[in-house]
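Here is a short briefing to read with the model open beside you. It goes through strands, cores, rings and charges in turn.

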Amino acid sequence: MVARLNRVGASEPDTLIVGAFAAYGRPGETGFGLSAEGLASYRETNGEPRSRVIGTEAELIVSRIDFSDADCAAPGSRAYEGPLPFGLRFGDPAEGVTEKLGAKPRRKGRSSDLPGRSPVVFVWNYEVGGLAVIVKLTAQHRLAAIYLAPLDRPTRQAREREASLRAMSGRIDPASVPRIEALRSVVPTARWREAAAEGVDMAERDIAEADRLLHCYLDAAKAAAARRSAPALHRATQRLVLGLNRINRRNGLIETLERDELGVFVEAVLTEAGFERARGEDITLTWREW
């Protein structure tokens, strides 16, 4: 679903884009619009395009296609009159949009459009196949516009990770629950309290909060192992690391020794549960700031 444009008779990208809008429709006049970007920029965000036309670095790639109802592109703009993708129709209720897309919204939010200048009030984001689908809804939760773009590289990588986690779930060991519980005796905050008592600059509030997070992590890891759920164990690890990030931002609780202790502890939990990683892989690197 990636359209291509050639730099034909245009010396600057802006010239090409203006020409493309002239050739393919102006949003205000037809309810249809498109956005294009240079090949290098597209690769940085989305990876290699599925196909190319002229095969040079001068090529521009269409990165988004828009279909809008009346007054959505701008006050007084016309509606797109052609068929919409996925069998959608302007005015479809939000629940009907979700049914036709065959996917639940990944995110729901409010539009940044100025009140009175557009009927759009809500924006729902979907992922359908290899596309990011942005749905714009009126105050009555009726379809007013739909934007299509290729999924960006980080989103695709996250989906691949989710798929690998689901495949891993069958290898998570429910019998590991007692072994994970036994790791409660080596939670590193015990040593941190001893260090603080000996004069090391560690706030009791920070240690107590970290201790709570680590014990909650053990509880979540045990529950995930009992369910044989690698995604649940992955999410529990993420929550732990993000929580430790928040604590560390306050007073810099986690120095080199504490970081190493936490790494050993998390690795022990994952290993006992049967969570597979590449040799030397530290899954906390994705989130941690310490």
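Is Tyr80 buried, partly exposed or exposed? Tyr80 counts as partly exposed, at 21% relative accessibility, where buried means under 20% relative accessible area, exposed means over 50%, and partly exposed lies in between (1.4 Å probe, protein chains only). This is a predicted model, in which local features need pLDDT of at least 70 and side-chain atom pairs count only at pLDDT 80 or more, while totals for chains, interfaces and linings use all residues. Residues are numbered from 1 along each chain as its sequence is written, and side-chain values use heavy atoms, with hydrogens and water left out.

- Helices (H or I, at least four residues) and strands (E, at least two) are DSSP runs, numbered from the N terminus.
- Strand E3 covers residues 60-68 and is mostly covered, with eight of its nine residues buried.
- E3 runs antiparallel to strand E2 (residues 32-38), and seven bridges join the two; strands pair if DSSP finds at least two bridges between them.
- To find this pairing in the viewer, look for Ala36, which stands opposite Val62 in E3.
- E3 also pairs with strand E7 (residues 143-150), in the antiparallel sense and over four bridges.
- In that pairing, Asp66 stands opposite Tyr147 in E7.

**Aromatic rings**

- There are three aromatic pairs in the structure; rings of Phe, Tyr and Trp (its six-membered ring) pair if their centres lie within 6.5 Å, with planes under 30 degrees apart counted as stacked, over 60 as edge-to-face and the rest as tilted.
- Phe67 and Tyr80 make an edge-to-face pair, at 5.0 Å centre to centre and with 65° between the planes.
- This pair links distant parts of the chain: Phe67 belongs to strand E3, while Tyr80 sits 13 residues apart from it, in the loop between E3 and helix H4 (94-101).
- Phe67 counts as buried, with 9% relative accessibility.
- Phe32 joins Phe67 and Tyr80 in a cluster linked by ring pairs.
- Elsewhere, Lys108 lies over the face of Trp124, at 4.2 Å from the ring centre; the rule asks for NZ of Lys or CZ of Arg within 6 Å of the ring centre and within 35 degrees of the ring normal.

**Nonpolar cores**

- The largest nonpolar core has 37 residues, and those with the most contacts inside it are Tyr217, Leu233, Leu244, Leu253, Phe265 and Phe275; such a core is a set of buried Ala, Val, Leu, Ile, Met, Phe, Trp, Tyr and Cys residues joined through side-chain atoms within 4.5 Å.
- Two or more residues of this core come from each of helix H5 (153-168), helix H8 (204-227), helix H9 (230-251) and helix H10 (256-273).
- H8 gives the most to this core, with nine residues.
- Another core lies apart from it and has 23 residues, among them Ala103, Tyr126, Leu137 and Leu143.
- Leaving out residues up to four places away in sequence, Phe265 touches Leu183, Val186, Val187, Pro188, Leu214, Tyr217 and Leu218, where contact means heavy atoms within 4.5 Å.

- The buried residues in H4 are Ala94, Gly96, Val97, Thr98 and Leu101.
- Their cover includes strand E5 (120-128), strand E6 (131-138) and E7.
- After H4 comes Gly102, with a positive phi near 70°.
- Thr189 lies in helix H7 (residues 189-197) and is buried, at 1% relative accessibility.
- With residues up to four places away in sequence not counted, Thr189 touches Ile207, Ala210, Asp211 and Leu214.

**Salt bridges**

- The count comes to 20 salt bridges, each being a side-chain nitrogen of Lys or Arg within 4 Å of a carboxyl oxygen of Asp or Glu.
- Asp92 and Lys100 meet in one of them, at 2.9 Å from N to O; Asp92 is buried at 12%, whereas Lys100 is partly exposed at 35%.
- Asp173 and Arg179 meet at 3.1 Å, N to O, with Asp173 partly exposed at 26% and Arg179 partly exposed at 35%.
- Glu181 and Arg184 meet at 2.9 Å, N to O; Glu181 is partly exposed at 30%, and Arg184 is partly exposed at 23%.
- Glu181 and Arg184 are linked with Asp219 and Lys222 in a network of salt bridges.
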